[in-house]
Amino acid sequence: MIVHLRVEPAAHLVFALAHSILARAELPLRFVHRDAFLRHRAAFLLHAQTITQEIMSRSRLEELITRFGLYADLRRRVPPEVVIERMRKDIQFDTQGPNARQRAGIAFTISYRGSEPQAVALVTNTLASFYIEENLKARERQATGTSEFLRVQVAETKKRMDGQERDLG
């Protein structure tokens, strides 16, 4: 993961940008049929959108606001919903799915803007870590489902072969 900080002194704002790639395609895309590639890309982008929604949830953002003491002045003046909405506006997600020319999986960029450079960097790193953690959890669930599917397929195939052996013998 790569993190960049940019300071805009005139606006008293700091921007932090985190960029990473979540997964790589298993096969070179030249061996994958175009329709399968497009389905794969759509599934990846939907997966990224689901993760983004989880990260932008009220509970996650409240946790970050509390942990890093964000928007202290604003929190004294307005309801929590307004503070959370402000944080959502200060966070930008950009995802790019795999394309036909390269093997890269989903690349994501997260940016956050605020007034305190250290807090901005910490929030951006935390958001990127959340993104990676959620992706790993989803991949674990997918691997578990695949393993279970294969276990059932092996058992059914063995049962059919045993039945065919009995019929022949």
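Leaving out neighbours within four places in sequence, Thr-126 is in contact (heavy atoms within 4.5 Å) with Leu-64, Arg-67 and Phe-68. Thr-126 sits in helix 5, where helices (DSSP runs of H or I, at least four residues) and strands (E, at least two) are numbered from the N terminus. Thr-126 counts as buried because its relative accessibility is 11%; buried means under 20% relative accessible area, exposed means over 50%, and partly exposed is in between, using a 1.4 Å probe and protein chains only.

A word on what you're looking at: this is a predicted model, so local features need pLDDT of at least 70 and side-chain atom pairs count only at pLDDT 80 or more, while totals for chains, interfaces and linings use all residues. Residues are numbered from 1 along each chain as its sequence is written, and side-chain values use heavy atoms, with hydrogens and water left out.

**Helix 2 against helix 5**

- Two packed helices are described by the angle between their axes and the distance between the axes.
- Here, the axes of helix 2 (residues 58-68) and helix 5 (residues 117-168) come within 11 Å and cross at roughly 145°; axes are lines fitted to C-alpha atoms, for helices over the stretch in contact, and angles run from 0 to 180 degrees between N-to-C directions.
- This crossing of helix 2 and helix 5 is right-handed, a label used if the near helix is turned clockwise from the far one by less than a right angle, with anticlockwise being left-handed.
- Helix 2 brings Arg-60, Glu-63, Leu-64, Arg-67 and Phe-68 to the contact, and helix 5 brings Leu-122, Val-123, Thr-126, Leu-127, Phe-130 and Glu-134.
- Sorted by type, the residues of this contact come to 6 nonpolar, 1 polar and 4 charged; Ala, Val, Leu, Ile, Met, Phe, Trp, Tyr, Cys and Pro count as nonpolar, Asp, Glu, Lys and Arg as charged, and the others, Gly among them, as polar.
- Take a look at Arg-60, which lies over the face of Phe-130 at 4.3 Å from the ring centre; the rule asks for NZ of Lys or CZ of Arg within 6 Å of the ring centre and within 35 degrees of the ring normal.

**Ile-51 in helix 1**

- Ile-51 belongs to helix 1 (residues 34-55), and it counts as buried because its relative accessibility is 5%.
- Ile-51 and Glu-133 are 82 residues apart along the chain, and their C-alpha atoms are separated by 9.5 Å.

**The loop between helix 2 and helix 3**

- Tyr-71 is in the loop between helix 2 and helix 3 (72-77), and it has a positive phi of about 55° although it is not a glycine.
- With a relative accessible area of 15%, Tyr-71 is buried.
- Gly-69 is found in that loop too, but it is partly exposed, with a relative accessible area of 39%.
- Setting aside residues up to four places away in sequence, Gly-69 touches Leu-64 and Arg-75.

**The whole chain**

- The chain has 5 helices and 4 strands, running β-β-α-α-α-α-β-β-α from the N terminus on.
- Of the 169 residues in the chain, 34% are buried.
- Among contacts between residues at least 6 apart in sequence, 61% join residues at least 24 apart.
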